[in-house]
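Please read this briefing alongside the sequence and the model. It is meant for a reader who is new to both.

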Amino acid sequence: MTETNGQVLEFELGEETYCVSIDYVTEIVDVGDLTKVPNSPAHVEGVMDLRGRTTSIVNPKTVFNIDDAGQEAERIIVYDPEITENAGAAGWLVDEVKQVVQVDYSDVDQSPAEDKEAIKGVIKQGEGDFVIWVDPQRVHS
């Protein structure tokens, strides 16, 4: 899967704003009942039935080591199954979905993070506001 445009979906995790390429997103749903799966990795919150398909629900706060400060996730961003190694359906728990915005690639700076695989870059917006651009395909590979 390749990116076809500079549109990203912005969402909140804790105190920060993150984004992913809209090309990866298939839908956004409310958090429903999750079934815990014994012995699953710490970042997998469970699974849910989404239109007849078992969908693994991941907590990106665990993946990116973000303090959740007790904030409850309200939405799930569901990704195209092609982003995962086994072509299984996956979604991320997020605190809030904000908006879809157009990104000028010249506004994307390289990430200072050690995890250069999953962090595509940092987008500066306005006065000191930053959005962290993540690559869900790298997280799920």
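This is a predicted model: local features need pLDDT of at least 70, side-chain atom pairs count only at pLDDT 80 or more; totals for chains, interfaces and linings use all residues.

Residues are numbered from 1 along each chain as its sequence is written, and side-chain values use heavy atoms, with hydrogens and water left out. The protein has 2 helices and 11 strands.

**Overall make-up**

- Starting at the N terminus, the order of elements is β-β-β-β-β-α-β-β-β-β-β-β-α; helices (H or I, at least four residues) and strands (E, at least two) are DSSP runs, numbered from the N terminus.
- Of the 141 residues in the protein, 44% are buried, where buried means under 20% relative accessible area, exposed over 50%, and partly exposed in between (1.4 Å probe, protein chains only).
- Among contacts with a separation of 6 or more, 53% are between residues 24 or more positions apart; a contact means heavy atoms within 4.5 Å.
- The protein has an accessible surface of about 8,000 Å², and carbon and sulfur atoms hold 42% of this surface. Accessible areas come from the Shrake-Rupley method with a 1.4 Å probe, and for residues only the protein chains shown count as cover.

**The sheet of 5 strands**

- An open sheet with mixed pairing is built from 5 strands in the order β3-β6-β7-β5-β4; two strands pair if DSSP finds at least two bridges between them.
- Strands β3 and β6 run antiparallel and are joined by 5 bridges, and Glu27 has Val78 in β6 as its bridge partner.

**Strands β9, β10 and β11**

- Strand β9 (residues 108–109) runs antiparallel to β10 (residues 119–125), with 2 bridges between them; Val108 has Ile123 in β10 as its bridge partner.
- Strand β10 is also antiparallel to β11 (residues 129–134), and 6 bridges join the two.
- Gly121 has Trp133 in β11 as its bridge partner.
- The hairpin of β10 and β11 has 3 residues between the strands, and Gly126 there takes a positive phi near 65 degrees.

**Aromatic rings**

- Rings of Phe, Tyr and Trp (its six-membered ring) pair if their centres lie within 6.5 Å, with planes under 30 degrees apart counting as stacked, over 60 as edge-to-face and the rest as tilted. By this rule there are 5 aromatic pairs.
- Phe11 and Trp92 make an edge-to-face pair, 6.3 Å centre to centre with 75 degrees between the planes.
- Phe11 belongs to strand β1 (residues 7–13) and Trp92 to strand β7 (residues 89–94), so this pair ties together parts 81 residues apart in sequence. Both Phe11 and Trp92 are buried.
- Tyr18 and Phe64 make a stacked pair, 6.3 Å centre to centre with 15 degrees between the planes.
- Tyr18 is in strand β2 (residues 16–21) and Phe64 in the loop between α1 (60–63) and β6 (75–79), 46 residues apart.
- Tyr18 is buried at a relative accessible area of 7%, and Phe64 counts as buried at 16%.
- One aromatic cluster is formed by Phe11, Tyr18, Phe64, Tyr79 and Trp92.
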